[in-house]
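Subject: Structure for your review

Hello,

The structure we discussed is below, with notes on what was found in it. Please read the notes alongside the coordinates.

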Amino acid sequence: MNADGYGIFVNNANSATLKNNIINGTSHYGTYLLKSANAILKENLILNTGSHGIFANASKNLQIIANQIGNMKGANHNINGDGNKLVSSDDAVIYNNRISNTTTPVGTINVGSGIQVVNSDNTILRQNTIYNVDWDGIRIAKSTNTKVFDNDIHHATRVGAYATA
């Protein structure tokens with residue numbers, strides 16, 4: 001898939017499954033879930049985005065599993081934002097993803113992490129590989145009951161994992 005805006009946009013959906021897609025060359029998010037529930041994003045390849053690789057906003061009960069976000073072999077930063085970003089999206093599992101080469105756009109802060117979770121409760125981040133990110137490997141803000149374990153983080157510009165109330 002090669003798109004000028006979002007690679008895939010899911011709005012107000014229940015039980016969407018996005019599997020085995022190639023998303024390359026978007027000017028905005030690779031995949032955008034808005035006000036959606038019970039979605040599964042599995043085994044997708046997301047490269048060269050104008051913003052976040054996967055962005056979920058006001059969604060719940062998400063499974064984000066075994067996706068490759070960014071080019072693991074290349075040295076160029078090709079995800080212009082966070083690899084995975086959740087905002088106000090509760091009950092998500094982010095498991096076994098490979099995230100690399102994110103960048104912090106000029107003039108911004110708190111962007112460019114491998115995984116960023118904001119105002120999202122009951123989230124599990126497990127066995128993700130995060131490499132060569134321009135901000136934090138994992139960033140958690142204003143979220144409760146977030147479980148982070150068995151993640152492999154290398155070459156985060158700021159810190160490997162960061163949490164704030």
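Two strands pair if DSSP finds at least two bridges between them. In this predicted model, strand β9 (residues 68-69) and strand β12 (residues 98-100) are joined by two bridges and run parallel. Within this pair, Gln68 stands opposite Arg98 in β12.

The pair belongs to an open sheet of six strands, in the order β3-β6-β9-β12-β15-β18, with parallel pairing. At its edges are β3 (22-24) and β18 (152-156), each of which pairs on one side only.

Two residues were looked at individually.

Gln116 is part of strand β13 (residues 115-118). Its relative accessible area is 2%, so Gln116 counts as buried, the cut-off being under 20%. The side chain of Gln116 makes a polar contact with the side chain of Asp82, at 2.8 Å.

Thr123 sits in the loop between β13 and β14 (124-126). Is Thr123 buried or exposed? Thr123 is buried, because its relative accessibility is 0%. Leaving out neighbours within four places in sequence, Thr123 is in contact with Leu86, Ser89, Ala92, Val117, Asn145, Thr146 and Lys147.

Regards

Definitions and conventions: Residues are numbered from 1 along each chain as its sequence is written. This is a predicted model: local features need pLDDT of at least 70, side-chain atom pairs count only at pLDDT 80 or more; totals for chains, interfaces and linings use all residues. Side-chain values use heavy atoms; hydrogens and water are left out. Helices (H or I, at least four residues) and strands (E, at least two) are DSSP runs, numbered from the N terminus. Buried means under 20% relative accessible area, exposed over 50%, partly exposed in between (1.4 Å probe, protein chains only). A polar contact is a pair of N or O atoms within 3.5 Å; within protein, one must be able to donate a hydrogen and the other to accept it, and residues adjacent in sequence count only if both atoms are side-chain atoms. Contact means heavy atoms within 4.5 Å.
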